[in-house]
Amino acid sequence: LDKLKMYIISIEALLAQCKTHEAKKHGLQILSFFGESIGTFSDMKSVIIVELVKAKQLIGRKSDADLIVVNEIYDEQKIAAERIMHVLASAFFFVEPDMFGLLALRMLQTSLRYGVCSESAFGFAAYGFLMIKVFDDIKNADRFGEIAMHLLKIFTANKCSCEVIIIVYGLIKPLVEHLHKCTKMLEYSYELGMQSGKIYFAMMSLVQQYRIRFLMGENLVTIEKKLMASDEEMMEHRQEMFRLSILPLRQACQNLIGHSDDPEELTGEVMNEEQFLLKVRGRNKTLVALVYHLHSWLSYMFGSYESASRYAKERQATSSTELVLFGGLFRRRYVFVEGLIAFAMAHKTDATEWKIAANESIKLLKNNAAHAPSNFQHMLLLLQAESAFLAKNNGDAAIYYDGAIEIAAENGYVQDEALASERAGIFHCSTQDNDQIARGYFLKAYNAYQKWSAYRKADHICKQYSL
């Protein structure tokens, strides 16, 4: 036990050098000294399900108060194991999400069996995230996120505040609260990380923050400048993995602004898509999935629906190989974009597979729209508009399109306001309504894309619809 601090420093030193494989091997070996034997398994999905069931059984019918007032842990062996598991689980979130899930669940079980310590908040927060990822249980996820935040208050000067906030406000709260509050908390998490010297987690906060800002529809020029500054900061601190995490977003911004040869492929000043995939494939499936998603979304935005469908299928194949993949908000965005692509392909091919996939996306987003209408109601309405359009229910389609435009605008999602306006224009063109009605929607889309600084897409609107 006297060597615990030295053990943790040695693990964190390897992580700071981005030597995650060595950190994992070293950390798991140390854990075994403290009575926590954690192996690697060929079927991690089944193992995580078993561990989740164990955790649920330990929680039972306990109230929030019962869970919060649990006695502090006194077994020094268990405290040491909790601290090491926390360091490892936090580090593996992006690079080995299945191992993150396994370690976090063991942490929670230890807290429930032996008592709580300063690291327990992390276990409760991670359990909340896993409730979303595995069971899509948003209500209980938020419950355990709140318990985690309460435990941070109990253990003042908590050593894991930064990473708990990342999980709660980067992955759970976006499904129940407006994204603006989440970005404020992630800014705070970044500051905590930098002040305490936890550079790894400060950079993780930046990644989460800018992914959310990107999805919120913040101005592309502003985001791209901030991402460029973060890129330099990450290079300065030798955080290559996190730097790689923001490059696809930077390139997507540049594509939409107009600073690339091809608006759909993530290749330009920031990165080369083919080379990037070669670099991260096999190392980080989360980033592979993100690249495929962004490519499919850009292809859809510029009307290349068949290309969009191919990349959407690649994204789905990548994500299906891991249980604990980066989830939460981005997972819902995947559903939304791939639903739009499926409706476009259903219009084009009339194939049953696309109709089934399209309708499934509506079912999946209904639960999210119920819990966080400010973030998801406009997405649901746009998918419902596309469904009515496909079914030739023109009256319903018109109402749904207008609803999607209005709610997206109310909540600051300018990129989705623009997209819904463009889709409404396409709908009115196809129904042979007054051309002036369609033109009005296209002009609204153009203005919203301009406001977002998606100048290339705004030009595409002008040329495509003769504005």
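This is a predicted model: local features need pLDDT of at least 70, side-chain atom pairs count only at pLDDT 80 or more; totals for chains, interfaces and linings use all residues.
**Entry 1: helices H19 and H21**

I began with two helices. H19 covers residues 373-390, and H21 covers residues 414-430. I looked up how they pack. Their angle is about 15°, and their axes are 11 Å apart. Angles under 35 degrees count as roughly parallel, so H19 and H21 are roughly parallel to each other. I also noted the handedness: H19 passes H21 in a left-handed crossing.

Which residues meet there? From H19 I listed His 378, Met 379, Leu 382, Glu 386 and Phe 389. On the H21 side I found Asp 416, Leu 419, Ala 420, Arg 423, Ile 426, Phe 427 and Ser 430. Sorted by class, this contact has seven nonpolar, two polar and three charged residues.

**Entry 2: Leu 380**

I stayed in helix H19 and picked Leu 380. Is Leu 380 buried or exposed? Its relative accessibility is 6%, so Leu 380 counts as buried. Next I asked what Leu 380 touches, leaving out residues up to four places away in sequence. The list is Ile 362, Leu 365, Lys 366 and Ala 369. I then checked Glu 360, which is 20 residues from Leu 380 in sequence. In space, their C-alpha atoms are 12 Å apart.

**Entry 3: helices H3 and H7**

H3 spans residues 44-59, while H7 spans residues 120-135. They pack at an angle of about 125°, with axes 12 Å apart. H3 and H7 are therefore oblique to each other. Their crossing is left-handed.

I wrote down the contact residues too. H3 brings Ile 49, Leu 52, Ala 55, Lys 56 and Ile 59. H7 brings Tyr 127, Leu 130, Met 131, Val 134 and Phe 135. By class, I have nine nonpolar residues, no polar ones and one charged.

How many salt bridges does the structure hold? I found 23. I looked up a few of them.

Arg 213 pairs with Glu 187 in a salt bridge, and the closest N and O atoms are 2.3 Å apart. Arg 213 sits in helix H11 (residues 199-216) and Glu 187 in helix H10 (residues 179-196), so the pair ties together parts that are 26 residues apart in sequence. I checked the accessibility of each partner. Arg 213 is buried, at a relative accessible area of 8%. Glu 187 is partly exposed, at 25%.

Arg 213 also meets the side chain of Glu 218 in a salt bridge, at 2.5 Å from N to O. Why does Glu 218 count as buried? Buried means under 20% relative accessible area, and Glu 218 has 18% relative accessibility.

I looked up another pair. Asp 350 forms a salt bridge with Lys 355, and 2.8 Å separates the closest N and O atoms. Asp 350 is exposed, with a relative accessible area of 51%. Lys 355 is partly exposed, at 29%.

Last, I asked which residues are linked in a network of salt bridges.

Note on methods. Residues are numbered from 1 along each chain as its sequence is written. Side-chain values use heavy atoms; hydrogens and water are left out. Axes are lines fitted to C-alpha atoms, for helices over the stretch in contact, and angles run from 0 to 180 degrees between N-to-C directions. Helices (H or I, at least four residues) and strands (E, at least two) are DSSP runs, numbered from the N terminus. Angles under 35 degrees count as roughly parallel, over 145 as roughly antiparallel, 65 to 115 as roughly perpendicular and the rest as oblique. A crossing is left-handed if the near helix is turned anticlockwise from the far one by less than a right angle, and right-handed if clockwise. Contact means heavy atoms within 4.5 Å. Ala, Val, Leu, Ile, Met, Phe, Trp, Tyr, Cys and Pro count as nonpolar, Asp, Glu, Lys and Arg as charged, and the others, Gly among them, as polar. A salt bridge is a side-chain nitrogen of Lys or Arg within 4 Å of a carboxyl oxygen of Asp or Glu. Buried means under 20% relative accessible area, exposed over 50%, partly exposed in between (1.4 Å probe, protein chains only).
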